[in-house]
Amino acid sequence: MAPRKNKKKAPSFRKLLKTSNVKIENKLKNRQFKQQSAAKKHRKEQKKLKQALNNAATRTPLPLERYKKRPEDEEDEEEFEETLPVDMMEDDDLEQMKAMAQKASFLTRDLSSSEPVHARKRKQENVMDKYEKVPRLMQKEQEKELIHLLPIKDKTGIIPQTMEKPVVKKVEKEHGDEGDGAEEVSAPKLLPLLTTQELVVLRRKRLEERKVCIAALGSSILSDPSANIKKLKELRSMLVELDPYVAVTVRKLVMVSLMEIFKDIVPSYRIRPLTEAEKSTKVKKETQQLREFEEGLVSQYKFYLENLEQTVKDWKQMKKKKSDVVSLKSYKGLAEVAVKCLCELLVALPHFNFHNNIIVMIVPLMNHECKKVSEMSCEAVRKLFKQDKVGQASLGMVKVISGLVKSRNYEVKPEVLKALLCLRVKEVEVKKDADDIAPKKRFMNFKEKRKHLSRMQRKWKKAEEKLEKELLEAEATESKEKKLKLHTETLNIVFLTYFRILKKAQKSILLSCVLEGLAKFAHLINVEFFDDLLIVLHKLIESGDLSYRESLHCIQTAFHVLSGQGDVLNIDPLKFYTHLYKTLLRLHAGTTNDDMIIVLQCLDVMLTKRRKQVSVQRALAFIKRLTTLSLQVLPNSTVGILATNRVLMHTFPKSDILLDNESQGSGIYLPELDEPEYCNPQNTSLWELHTLQRHYHPIVRKFAAHLIVGAPSEGSGALNVALSRKSATDLFEDYSIKGMTFNPPVATPSSKKKEKFTIGDALLDSDLKKQIDSRLEATSILSDLDFAVHFRKAFI
């Protein structure tokens, strides 16, 4: 193989000649520059030497300071001098001093340092030698600082006053304390001795400064959230305020301010984290700004929730932190504000990130021993249930509540389960028939349209589909199938919790809430559980362990089950009819209570809605017993019972025999018998209505007169529209004693509208006072009368 030729050409003679001339010129210039710099340096040194000699000649030497010595020190010094050699200066030291004096730079250098002249040129320097050459400082006692006080004026003149500033000493921990050995902890900086008034003024000044700072940061964030999102971090840093005089108040203000800010700037959608592919792609400037805003918002919101959670945890544990300036007594106030903020965010932002985390924090607080915290948490959960239309947030809340009840072994407050009564669940997904399960007709694709439709038909079809899509986007409503699916899953978890309590904890305080919940959602229970549920409810009633209200809930639940999907079942709930008929006269008549509402609801479900399954004998027995009960209860309950009797008279036309004095059939009416079918109600009459016609309440008198004439819908004996259209429960609530008002008989001529007076205002008038006293006396007499007394009065 042939050798490779070098393509580089050899330099010519002219080129070499040019380069050599340039090098020679550069060498000459460098030599001249060095000579000039050396001469300049020499002139500077001469100048400094002359100046130092002149200063030394003009300066007068100061006498050496002599300190008085104690006699003991003088004796010790004389003994020390006797031990020293006569000649203290060695030959080597003299030579070194002469050499240093010969150098001109010796006079210009700092004489306090013994460093050689060219020490800076050394590449390596011994650190220890340099440290040893530093002069030592003598320990001196610190001068005590003085505080100037207000002067005193005397006959001689003004006398200034001062005091020493208190010095804070370091305190050592005892060996018995926890920690690694004894540590020195410096006490907090104390303010000068101030009066109480001055401390209050100082605290108020600092608090105003913090308020202004919080307001400025909040307004700037709200004015432009995307541009000032970084100020959220600055505002959040004030959650750890370290000034002990305003720490608690400032932290509370910052918590509430951040809560309101997040409620205003949080978008109406959930922010998801970006993937790696989305981060690497290039986007527009506006899109990048939006991403940065969303990322900063989510991170600051997360840190804020963590701070609230930590505040509540510190309060529960009551553990004092070393770096915290807040006292243990202030933990409760901070925790209550933190819980309030969490409750507000739970209700206001159910669609945003970390909502499930807030649910997990709030649900255990519903069962907390602190009444205020428990009420706030339960109220927030009820609000969430009421306003949740889709059901996603309600499902998450119900899951956590069910887990809490199970984990605490069914030993929770009744308010936890009462919150489930506010669920907005009216429909669930039932089992579909074969027609519903069959696949629906699908739309035609492009080939089928081209094959079966003409060109004009295809054009119209395309326009229709486009219009339907636009309408769906404009409505922006959740699909019904998704909503039903969520509601079904929610109710399954609720019923699972209820059935567990009925099976394992029948003597628990939660039984009343369970029965009330079953009464409300019983129409949505699956048909497969009806038989077992009715058997359990009947056993609970027969056990006798239930209160009056709980037994009413059992009856209400049973008939709600049978009135819904249970219509197809062939079940006769005679036992439940008998139990309600037997317990009607045991209703508490002395005070206002909500048991009457449950009784009225049970009567509506048992008699009115199941009119086809109820015999005439049973209906007559209930009408007679309800009329007897109306003599014993308060006026609002009497109005509700008479309204129910009016509905029953319209539902069962044959009940007009109770308005006739003649007996129908054989037998005698047996009021003490507990079986409504066999007490012969057709052989009695409603004599109680004549007594109620003399009642002091005007509405009771109207209803009694209306029922005596047969409850007509038209004519002179008919009720007005306002009373006839209202249900029995509405009338009971309208005329309850809690909302009772009195109208004055005479109004002033200038006033067009009548003013309403409460009972307390009415007592100021003597005439009204006499009327009220007489009515109260009549009420007490009626409540004391028993069944036998009224029975005798009817025949006098």
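Visitor: Which handedness has the crossing of helix 14 and helix 19?

Guide: A crossing is left-handed if the near helix is turned anticlockwise from the far one by less than a right angle, and right-handed if clockwise. The crossing of helix 14 and helix 19 is left-handed. This is a predicted model, in which local features need pLDDT of at least 70, side-chain atom pairs count only at pLDDT 80 or more, and totals for chains, interfaces and linings use all residues. Residues are numbered from 1 along each chain as its sequence is written, and side-chain values use heavy atoms, with hydrogens and water left out.

Visitor: At what angle do helix 14 and helix 19 pack?

Guide: Helices (H or I, at least four residues) and strands (E, at least two) are DSSP runs numbered from the N terminus. Axes are lines fitted to C-alpha atoms, for helices over the stretch in contact, and angles run from 0 to 180 degrees between N-to-C directions. Angles under 35 degrees count as roughly parallel, over 145 as roughly antiparallel, 65 to 115 as roughly perpendicular and the rest as oblique. Here the angle is about 15 degrees, and the axes are 9 Å apart; helix 14 and helix 19 are therefore roughly parallel to each other.

Visitor: Which residues of helix 14 and helix 19 meet?

Guide: Contact means heavy atoms within 4.5 Å. Helix 14 contributes Q392, L395, V398, K399, S402, V405 and K406, and helix 19 contributes L486, E489, T490, I493, V494, T497, R500 and I501. By class, these residues divide into 7 nonpolar, 4 polar and 4 charged (Ala, Val, Leu, Ile, Met, Phe, Trp, Tyr, Cys and Pro count as nonpolar, Asp, Glu, Lys and Arg as charged, and the others, Gly among them, as polar).

Visitor: How do helix 12 and helix 13 pack?

Guide: Helix 12 (residues 355-366) and helix 13 (residues 371-387) pack at about 130 degrees, with their axes 8 Å apart. That angle makes helix 12 oblique to helix 13. The contact involves H355, I362, L365 and M366 of helix 12, together with V373, S374, S377, C378, V381 and L384 of helix 13. This contact has 7 nonpolar residues, 3 polar and no charged. Helix 12 passes helix 13 in a left-handed crossing.

Visitor: Why is helix 20 described as largely enclosed by the rest of the structure?

Guide: Buried means under 20% relative accessible area, exposed over 50%, and partly exposed in between (1.4 Å probe, protein chains only). In helix 20 (residues 511-521), 9 of the 11 residues are buried, so the helix is largely enclosed by the rest of the structure. Among the buried residues are L511, V514, L518 and F521. The buried residues of helix 20 pack against helix 15, helix 19 (480-504), helix 21 (530-543) and helix 22 (548-563).

Visitor: Where is I525 found, and is I525 buried or exposed?

Guide: I525 is found in the loop between helix 20 and helix 21. At 1% relative accessibility, I525 counts as buried. The C-alpha atoms of I525 and L491 are separated by 8.5 Å, with the two residues 34 apart along the chain.

Visitor: What is the phi of Y410, and what is the phi of N680?

Guide: Most residues other than glycine have a negative phi. Y410 is not a glycine, yet has a positive phi of about 65 degrees. Y410 lies in the loop between helix 14 (392-407) and helix 15 (414-418), and counts as buried at 9% relative accessibility. N680 has a positive phi near 55 degrees, and is found in the loop between helix 26 (635-651) and helix 27 (688-692).
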